[in-house]
Amino acid sequence: MKRSTADIVRTYGPFPDSPPVHGVTYDGRHVWFASGDRLNALDPESGEIVRTLDVPADAGTAFDGRYLYQIADDRIQRIDPADGSVVGTIPAPGGGDSGLAWAEGTLWVGQYRDRKIHQLDPRTGAILRTIESNRLVTGVTWLDGELWHGAWVDDGSELRRLDKSTGEVVERLVLPTGTMVSGLESDGADRFYCGGGKSGTVTTVRRPGQQPRA
């Protein structure tokens, strides 16, 4: 198993009113993060929040190329980012739902307390398969067919790459002591965006093996 120290590129926030940062996703232009009673669109170049949507947003967030998905208590909302309207809902699995990701035409839900990652049918919420983890699961994301999740370990967090067939941990990126990873999302290239929970920040971590951008 590979183990390395996370290469932190940039930290955003805390933001005005110091909201906590829960789920995180990326639409190709903006980093969206959940902060309890709204979704916020962050411009990763300027570091400014450029839009907000008033919707319940207390855990994981995902984007399927058209819609945002947001865990809100016992349900997952499908949201039109153009106007913030909720256009559909499915039940959440329960068990401390935390992270949320879109991949392979399905939703992937991390469960904090139960230490599991569920693959869901986005139309019905039915569980298609389950991957077990040996750590508390926070954010979840996919990058180039690889499954990653945030993990709370003792007094710090890690990003863990799993074998998507067996759930075995094949790589660990260790963040600084005291750093909390809530939401997690990749930009599809060389960076991960990590929600910082009560710290009210979003941290960018370089994908292992990638060179700094010019």
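Okay, let's start with E21, which is mostly covered: five of its five residues are buried. By buried I mean under 20% relative accessible area, with exposed being over 50% and partly exposed in between, using a 1.4 Å probe and protein chains only. Strands here are DSSP runs of at least two residues (E), helices are runs of at least four (H or I), and both are numbered from the N terminus.

Quick caveats: this is a predicted model, so to speak of local features we need pLDDT of at least 70, side-chain atom pairs count only at pLDDT 80 or more, and totals for chains, interfaces and linings use all residues. Residues are numbered from 1 along each chain as its sequence is written, and side-chain values use heavy atoms, with hydrogens and water left out.

Back to E21. Both of its faces are covered: Val202, Thr204 and Arg206 are buried on one side, and Thr203 and Val205 on the other.

Now, which sheet does E21 sit in? An open one of four strands, in the order E2-E21-E20-E19, with antiparallel pairing. The edges are strand E2 (8-12) and strand E19 (184-186), each pairing on one side only. From one strand to the next, the twist averages 20 degrees; axes are lines fitted to C-alpha atoms, for helices over the stretch in contact, and angles run from 0 to 180 degrees between N-to-C directions. For pairing, DSSP has to find at least two bridges between two strands.

E2 and E21 (residues 202-206) pair antiparallel over four bridges. The hairpin of E20 and E21 has six residues between the strands, and in it Gly197 takes a positive phi near 60 degrees.

On to salt bridges: a side-chain nitrogen of Lys or Arg within 4 Å of a carboxyl oxygen of Asp or Glu. A search of the whole structure finds eight.

Glu158 is one to look at. Its salt bridge with Arg160 has the closest N and O atoms 2.9 Å apart, and both of those residues are buried. Glu158 also meets Arg172 in a salt bridge, at 2.5 Å, N to O. Arg172 lies in strand E18 (residues 169-174) and Glu158 in strand E17 (residues 156-162), so that pair ties together parts that are 14 residues apart in sequence. Arg172 is buried at 16% relative accessible area, and Glu158 is buried at 4%. Separately, Glu146, Arg161 and Glu171 are linked in a salt-bridge network.

Then there's Asp121 with Arg123, a salt bridge at 3.1 Å, N to O. Asp121 is buried at 11%, while Arg123 is exposed at 70%. Asp121 is in the loop between strand E13 (116-120) and strand E14 (127-132). What does Asp121 touch, not counting residues up to four places away in sequence? Ile90, Ala126 and Leu128, where contact means heavy atoms within 4.5 Å.
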